[in-house]
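Dear colleague,

Please find below the structure that I am handing over to you.

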Amino acid sequence: LALAQLKQSQKQGLNRLSHTQYDTIRRLRTSLAHVWESSAVCKSPELIFGFKNLKGDSFRTSNCPMESRWFALFNRGLLLRMGRQTETNFGLDYRVLDVMLTNMEMEANEELENYATHRHVVLVGCF
């Protein structure tokens, strides 16, 4: 799986032509972990053990190779080297924003039966 992730990362991505982003190749590990957990190999009674700490973090035992300490360190190194790239949100044209705010103002001035809907319109308009 580690080699498959490295090979996948070198393919052309949607946002970058030079490589695929980390969050995309992470899905490969997730899907293989789900296949492992639903397989007959993983279905043993001694593995059904888990707990939550006081902060609410969940911990569970697993014999899944994708949950090993080595693989966790490999993925962490992969993330540190690739980084998380995000595409910034592009702003709306001022004319589109003016129409949206005008529509919200008209909705806010109407007498709405539902208080939650009225509150939602006002909060979205303020945002």
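Predicted model: local features only at pLDDT ≥ 70, side-chain atom pairs only at ≥ 80, totals over all residues.

Overall layout

The protein chain contains 5 helices and 2 strands. Their order along the sequence is α-α-β-β-α-α-α. Of the 127 residues in the protein chain, 19% are buried. The chain exposes about 10,600 Å², and carbon and sulfur atoms account for 58% of that area. Among contacts in the chain with a separation of 6 or more, 50% are between residues 24 or more positions apart.

Two packed helices are described by the angle between their axes and the distance between the axes.

For α1 and α2, the axes come within 9 Å and cross at roughly 155°. These two helices are therefore roughly antiparallel to each other. On the α1 side the contact is made by Ala4, Gln5, Gln8 and Ser9, and on the α2 side by Ile25, Arg26, Leu28 and Arg29. The crossing of α1 past α2 is right-handed.

For α2 and α3, the axes come within 10 Å, with a crossing angle of roughly 165°. It follows that α2 and α3 are also roughly antiparallel to each other. Tyr22, Ile25 and Arg29 of α2 form this contact with Phe71, Asn75, Leu78, Leu79 and Met82 of α3. Here, too, the crossing is right-handed.

For α1, which spans residues 2–9, and α3, the axes come within 11 Å and cross at roughly 15°. That angle makes α1 roughly parallel to α3. The residues of α1 that take part are Ala2, Gln5, Leu6 and Ser9, and they meet Trp70, Phe71, Phe74, Asn75, Leu78 and Met82 of α3. α1 passes α3 in a right-handed crossing.

The nonpolar core

In soluble globular proteins, nonpolar side chains tend to be buried together. Which residues form the largest nonpolar core in this model? There are 10 of them: Ala2, Tyr22, Ile25, Ala33, Cys64, Met66, Phe71, Phe74, Leu78 and Met82. Helices α2 (22–38) and α3 (69–82) each supply at least two residues of this core. The largest share, 4 residues, comes from α3.

Individual residues

Isoleucine 25 lies in helix α2. Its relative accessible area is 0%, so isoleucine 25 is buried. Leaving out residues up to four places away in sequence, isoleucine 25 touches Gln5, Gln8, Ser9, Thr20, Leu78 and Met82. The C-alpha atoms of isoleucine 25 and glutamine 8 are 6.4 Å apart in space, while the two residues are 17 apart in sequence.

Methionine 82 is placed in helix α3. With a relative accessible area of 18%, methionine 82 is buried, because buried means under 20%. Apart from residues up to four places away in sequence, methionine 82 touches Ser9, His19, Thr20, Gln21, Tyr22 and Ile25. Methionine 82 and histidine 19 are 63 residues apart in sequence, and their C-alpha atoms are 9.3 Å apart.

Phenylalanine 71 is another member of the core. When its neighbours within four places in sequence are set aside, phenylalanine 71 is in contact with Leu1, Ala2, Gln5, Arg29, Pro65 and Met66.

Proline 65 sits in the loop between β2 (58–60) and α3. Is proline 65 buried or partly exposed? Its relative accessibility is 43%, so proline 65 counts as partly exposed. Setting aside neighbours within four places in sequence, proline 65 is in contact with Trp36 and Phe71. Proline 65 and leucine 1 are 64 residues apart along the chain, with their C-alpha atoms separated by 9.5 Å.

With kind regards

How values were computed. Residues numbered from 1 in each chain as written. Heavy atoms only, no water. Core = buried A, V, L, I, M, F, W, Y, C linked by side-chain atoms within 4.5 Å. Buried < 20%, exposed > 50% of the residue type's maximum accessible area, 1.4 Å probe, protein only. Contact = heavy atoms within 4.5 Å. Areas by Shrake-Rupley, 256 points an atom, 1.4 Å probe, with all protein chains shown as cover. Axes fitted to C-alpha atoms, helices over the stretch in contact; angles between N-to-C directions. Parallel < 35°, antiparallel > 145°, perpendicular 65-115°, else oblique. Left-handed = near helix turned anticlockwise from the far one by under 90°.
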